[in-house]
Amino acid sequence: QVSLKLPIAHLPALRYKFEPVLEGRQVTHDFVVLNKGSAPLEIQKVKTDWGCTAVSYTRQIPPGGEGKVTLKVSTNHKGGKKLLKTATIYTNDKKNPPIRLSIIGEIEKFATIRPNQVRLHGVTGQEIKRRVTIIATPKYPFKIIKARVRDGKDISYQLSEEKSENGQKYALTVENKRMQKGRYFDIITLETDSKIRPELHIRVYGQLRQPTEKEKKGE
């Protein structure tokens, strides 16, 4: 009787839980892949979630050898949430199904910004104004030292400091200046005294239309 030489994929750990990280930072982890078989183990592909990419993986692992799958996870815009990303490894180990990996952990906020973007939608000739609240997270305190706008042709803004028991608080008021119908886009940059996050960016989307006849008559 002839015994077939076969690869056997084995991962000591299928789940990685990371310590809380600040939003915007990348989480990278190496998953160890062992070949406990008697033939070369091939990692054919790694399928990942959106926002999770396989940075690299060992293509072939000899019998008794060790390889790895390196995953990188983006934490952008995930502040205040629990992040869970998965990936699936496909190999030439026919006796075992595809192997599912997971990365999980808490993402911390640098600041609470509500809303996180400004939409100035309305009718030409009317006042269109929106208010954005920025509150510093106590763990990452900062002060806004300056505000600037990329273009400024269609908007005006005013920044003020407010009292808060939960951390440094600011109010940003953005107002439409455009008189004709159409769309525009701009960015307001808030410069902080923090080395962790020197700038905060507020996107502004404008969309104006002409008033209807009923609106013109005030109906």
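How many Å² does the accessible surface of the protein chain come to, and what share of it belongs to carbon and sulfur atoms? The surface is about 13,600 Å², and 47% of it belongs to carbon and sulfur atoms. Accessible areas here come from the Shrake-Rupley method with a 1.4 Å probe, and for residues only the protein chains shown count as cover.

Some ground rules before we move on. This is a predicted model, where local features need pLDDT of at least 70 and side-chain atom pairs count only at pLDDT 80 or more, while totals for chains, interfaces and linings use all residues. Residues are numbered from 1 along each chain as its sequence is written, and side-chain values use heavy atoms, with hydrogens and water left out.

**Stop 1: the whole chain**

You're looking at one helix and 17 strands. Helices (H or I, at least four residues) and strands (E, at least two) are DSSP runs, numbered from the N terminus. The radius of gyration is 26 Å, well over the 17 Å that the globule rule gives for 219 residues, so the chain is more spread out than a compact globule. That radius is taken over C-alpha atoms, and the globule rule is 2.2 Å times the number of residues to the power 0.38. Along the principal axes, the C-alpha atoms fill a box of roughly 95 × 45 × 30 Å.

Now colour by burial. Of the 219 residues, 40% count as buried. Buried means under 20% relative accessible area, exposed means over 50%, and partly exposed is in between (1.4 Å probe, protein chains only).

**Stop 2: the five-stranded sheet**

Select β2, β9, β8, β4 and β6. In that order, these five strands form an open sheet with mixed pairing. Look at the edges: β2 (15-22) and β6 (60-61) each have a single partner strand, so one side of each is left without a neighbour in the sheet. Two strands pair if DSSP finds at least two bridges between them. Strands of a sheet pair through backbone hydrogen bonds, either parallel or antiparallel.

Zoom in on β8, residues 82-91. Eight bridges join β8 to β9 (residues 99-108), and the two run antiparallel. On another side of the story, five bridges join β8 to β4 (residues 41-48), again antiparallel.

Click Thr 88. Its bridge partner in β9 is Arg 100, and Lys 47 stands opposite Thr 88 in β8. Then try Lys 85, whose bridge partner in β9 is Ile 103.

**Stop 3: the four-stranded sheet**

Next, select β1, β3, β7 and β5. They make an open sheet of four strands in the order β1-β3-β7-β5, with antiparallel pairing. The edge strands, β1 (9-10) and β5 (52-57), each pair on one side only. Between β3 (residues 27-35) and β7 (residues 66-73) there are eight bridges.

**Stop 4: some loops**

Pro 12 sits in the loop between β1 and β2. This proline is exposed, with a relative accessible area of 55%. Leaving aside neighbours within four places in sequence, Pro 12 is in contact (heavy atoms within 4.5 Å) with Val 32 and Leu 34.

Go to Gly 65, in the loop between β6 and β7. Buried or exposed? At 17% relative accessibility, Gly 65 counts as buried. Beyond its neighbours within four places in sequence, Gly 65 is in contact with Val 33, Leu 34 and Asn 35.

**Stop 5**

Most residues other than glycine have a negative phi, and most peptide bonds are trans. Now select His 77, in the loop between β7 and β8. Phi of His 77 is near 60°, a positive value, and this residue is exposed at 68% relative accessible area.

Finally, select Arg 114 and Pro 115. A cis peptide bond joins them, with omega about -15°. Pro 115 lies in the loop between β10 (111-114) and β11 (117-123).
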